Amino acid sequence: MKAVTAIDQFEESYDLVVVGAGPAGLSAAARAAELGIGVLLVDENPAPGGQIYRAITTTPVGDREVLGADYWRGAEIVARFERAQAGYAARCTLWSIGPDETAAEGEAFEIGLSLDGRARLIGARQLILTTGAQERPFPIPGWTLPGVMTAGAAQIALKSAAIVPAGRTVLAGCGPLLYLLAGQLAAAGAEIVAVLDTTPRGNWLKAAGALPNFLRSPYLAKGLRLMAKARRSLRFVGGVTGLAAEGEGRLASARVARGDAAEIIACDTLLLHQGVIPSVNLSNAAGCAHDFDEAQHCWVPRLDNWFGSSVPGIAIAGDGAGIGGAESAALRGEIAALGAVRRLGQIDLAEGDRQAAPLRSELERALRGRRFLDLLYKPAPQFLAPPQDETIICRCEEVTAGQVRDTATRLGVTGPNQMKAFLRCGMGPCQGRLCGPTVVELIAQANGTTPAEVGYYRLRPPVKPVTLAELAALQQTEAAVKAVVR
Amino acid sequence: MSAAPTSADVIVIGGGIHGCSTALHCALRGASVILLEKDHAGRHASGVNAGGVRQLARHVAEIPLSNVSMALWHRIGELVDDDCGFTSDGQVLVAETEEDLANCKARVDDLTLRGFHHEELIDGKELRRLVPAVSESCPGGVISRRDGAAIPLRATQAFKRKAQEQGASIREGVRVEKVSRDGKTWRVATNVGDFLAPRLVNAAGAWADRIAADLGEPVPLEVIAPMLMITAPLPAFIKPVVIMVRRKLSFKQFGNGTVLIGGGYSGRALRDENRTVLDWRKLATNAGTVWDLFPLMRGVPIVRAWAGIEARMPDDLPVFGPSARYEGLYHQFGFSAHGFQLGPGAGAVMAEIIATGRSNVPIDGLGIARFTQQAP
């Protein structure tokens, strides 16, 4: 690994640029570098690991039991990457991907990077986007109150700084990460007063058909372990059908409905989580086609069996290719790397297939049982599209569910891109990451259509904000300068 | 509900602000109208432009049309039942040197002689009163006080909805494949079948040259992709829209604090894919101009950049008016990145020409004949 710590240390162009240093990105970069390809891995975080293995090389959490054996598996992935001859730029933001207009032929891209307050455009012949997943938005009344956070945010604080929430903590939602975090926080000394499970009871029936595969899957043992650990020590409340955060100026309590029964639980921190969805902002802005995945109930990029997207030369691996978890992410990263190396002509198809074969069978094993989890933890409709009109759904521009519903029906707005013009939802600095799925859901519901028909935001670069000064002082590659002069 | 009509008095091709406005004004005059739009109303240039409602610095040939339009913008809520986000804080042209200012004065004097009074010369003191953030060295400029800005997609869709309310059949997702003449009737073949009408308006924006060419009136239309950027919110520091004499820059702060930066730098338009590619090198130049002129902007994040697909004519003037070749055919395209302000008025004038054969509003110099007629 060769660390790149300043913007002028980048080469003019790389054979392969990998975006994101989670298990998929680390594995992709390592595999490609091992095959002799010039690779650059860029990542926004100060240290490798992504979300799942966040701070794996730097965490102050000393007791290995707290984060669990699955977390520490990340150390091997990072170690392999460090042995490989790949460039690595930490704290580096990629803000644009476009075709390289100066390229004579073949697949070539121009990417915009920022590092330490300076921006630059460099070249990449192949790209692998491994920007992972994000938590599915969980809009409930009061979710913008101080004291309410996402479970993922609490996990970041735990892994990177050994911080746990102070005072009485409630976790609410559904999905494996919720139970994992409950266990991790409890082990780290947090005072967890309740875990509120919003998994719709009817989901068990829907998921039953996928049960046999789940029973043979690696998820099972892991899942049972997580559940057992959490349930043993914590108060579990199942069948939650309604949830609101309440308080004057900050969170004071969670109002919980279970059918007709209501309960108020006093708390200082409420951690929300209803699963993760692929983070599609970068792939969408890069022009890759996406489809709505009914089982995972989210947009996923359209990919071939090398994880190549609809844009030739851009592959997408890891949870960004559809949620599969850490183990599958690393395998997908390696297969995507083989695909890129093959496109670069370093290996032929037969060799690519030969090297990919064991990875593919591992991947199949790793994903066995996934469908059961997808079906079981599909959020209830009332948590995807809040029924209360006053619930804020776009936090950047403070747009409510009622406004979206009203605009969809009264003004006949049929898609989120039109909605932006009326309500500005999705036009704030988060670029729709926190409102997109909810806006789509609300429009579908109001117009009696499906999320697939409603579509998604057309996302605009810069994918992450870049300052005017950085842009004005943009360092250009020699090739790019020549192109302008020409 | 009865099936959507396939024949009408007027067919409008293109659901931009021009097509929607013409459809509305034809409907207001009692004509039956079908509007055909391949995507949705305002999907391209009309929905993603800078929203400038500007008379300032327009070509003289466009000013009469622009005057009609400005009167409509100032009562836009009455016309389409939506204020379209229109605000009127003026637009200012900034002169950076005494020479610039002298040219500005000559222009304003010329307009006055022609009977146009919307542009007004201002000195350095008035300039800094209007735009306190502008550099001290600028000696003055020109203001057009009734100018302003609106929200483009919202405005375009308001025209669409109002046209619909007035009985126009607005067909989104209907792509025109071929236009032909069938006696005195126009036959417009689309992906959902044929539409017929004795009168046809070509308001197809960046795709209008194909329709014109189909009908034997080829024009040298260039497809451009003007780029825009918007920043994170800043405390209010500027009210009017600002444009520069010497540099490519347009600059506007919205009520919510965000600043829109444009200047007519073009990315690359891929009109067959409905897609544009940004050119970050040009945007860097654009950002550099702001860096020079508005130092307080330097640290602000750019949160989005985009481009629309737009038609530009070689003389930067629209093609507007009856066909030079056929009766019952009208052109309304090629607004060359400054057509948004003209939309409401151009629709009204076009509807008048369609209904009565003439208009008192002069449109000399805008006809398609300037490209299609050979010198005798």
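**Notes on a predicted two-chain model**

1. Overall build of chain A. Chain A has 20 helices and 23 strands. Its radius of gyration is 23 Å, close to the 23 Å that the globule rule gives for 486 residues, so chain A is as compact as a globular protein of that length. Please keep in mind that this is a predicted model. Along the principal axes, the C-alpha atoms of chain A fill a box of roughly 70 × 50 × 40 Å.

2. Burial and contacts in chain A. Of the 486 residues in chain A, 56% are buried. Take the contacts in this chain between residues at least 6 apart in sequence: 71% of them join residues at least 24 apart.

3. The nonpolar core. In soluble globular proteins, nonpolar side chains tend to be buried together. Here the largest nonpolar core has 279 residues. The residues with the most contacts inside this core include A:Ala29, A:Ile128 and A:Val404 from chain A, and B:Ile11 and B:Val33 from chain B. Helix H11 of chain A (residues 326-343) gives the core its largest share, 10 residues.

4. A:Val404 in detail. Not counting residues up to four places away in sequence, A:Val404 touches A:Ile393, A:Val399, A:Met419, A:Leu423, A:Cys425, A:Val439, A:Leu442 and A:Ile443. A:Val404 is also one of the residues with the most contacts inside the largest nonpolar core.

5. The side of chain A that touches chain B. In this interface, 25 residues of chain A are in contact with 30 residues of chain B. On the chain A side, the elements that give two or more residues are strand E5 (92-99), helix H16 (416-423), strand E23 (466-467), helix H19 (468-472) and helix H20 (478-485). The largest share, 4 residues, comes from H19(A). By class, this side of chain A has 17 nonpolar, 7 polar and 1 charged residues.

6. Strand pairing between the chains. Which strand of chain B is joined to E23(A)? The partner is strand E20 of chain B (residues 301-307), with 2 bridges between the two strands, which run antiparallel. Within this pairing, A:Val466 stands opposite B:Ile302.

7. A:Ser217. This residue lies in the loop between helix H8 (211-215) and helix H9 (218-233) of chain A. Is A:Ser217 buried or exposed? A:Ser217 has 21 C-beta neighbours inside 10 Å, so it counts as buried. Leaving aside neighbours within four places in sequence, A:Ser217 is in contact with A:Arg368 and A:Gly369. By contrast, A:Glu397 is 180 residues from A:Ser217 along the chain, and their C-alpha atoms are separated by 43 Å.

8. Helix H3 of chain B. The buried residues of H3(B) are B:Leu65, B:Ser66, B:Val68, B:Ser69, B:Met70 and B:Trp73. What covers them includes strand E3 (52-53), helix H4 (76-80) and helix H10 (343-356) of chain B. B:Met70 has its place in this helix, which spans residues 63-73, and B:Met70 counts as buried because it has 23 C-beta neighbours inside 10 Å. Beyond its neighbours within four places in sequence, B:Met70 is in contact with B:Gln55 and B:Arg146. B:Arg146 is 76 residues from B:Met70 along the chain, yet their C-alpha atoms are separated by 7.9 Å.

9. Domains of chain B. The domain assignment gives domain 1 (10-68 + 152-219 + 315-372) and domain 2 (89-146 + 223-312). The C-alpha centres of these two domains lie 27 Å apart. The contact between them takes 22 residues from domain 1 and 28 residues from domain 2. On the domain 1 side, the residues divide into 12 nonpolar, 7 polar and 3 charged.

10. Backbone points to check by eye. Most residues other than glycine have a negative phi, and most peptide bonds are trans. The peptide bond from A:Pro461 to A:Pro462 is cis, with omega near -5 degrees. A:Pro462 is found in the loop between helix H18 (451-454) and E23 of chain A.

11. Two residues with positive phi. Phi of A:His297 is near 50 degrees, and phi of A:Gln431 is near 55 degrees. A:His297 lies in the loop between strand E18 (290-293) and strand E19 (298-301) of chain A. A:His297 is partly exposed, because 19 other C-beta atoms lie within 10 Å and the cut-off for buried is 20 or more. A:Gln431 is found in the loop between H16 and helix H17 (436-447) of chain A. A:Gln431 has 24 C-beta neighbours inside 10 Å and so counts as buried.

Technical notes:
Residues are numbered from 1 along each chain as its sequence is written. Chains are lettered from A and ligands numbered from 1 in the order in which they are written. This is a predicted model: local features need pLDDT of at least 70, side-chain atom pairs count only at pLDDT 80 or more; totals for chains, interfaces and linings use all residues. The radius of gyration is taken over C-alpha atoms; the globule rule is 2.2 Å times the number of residues to the power 0.38. A residue is buried if 20 or more other C-beta atoms lie within 10 Å of its own, exposed if 12 or fewer, and partly exposed in between; C-beta atoms are placed from the backbone. Two residues are in contact if their C-beta atoms, placed from the backbone, lie within 7 Å. Ala, Val, Leu, Ile, Met, Phe, Trp, Tyr, Cys and Pro count as nonpolar, Asp, Glu, Lys and Arg as charged, and the others, Gly among them, as polar. Two strands pair if DSSP finds at least two bridges between them. A nonpolar core is a set of buried Ala, Val, Leu, Ile, Met, Phe, Trp, Tyr and Cys residues joined through C-beta atoms within 7 Å. Domain bounds come from an automatic or database domain assignment.
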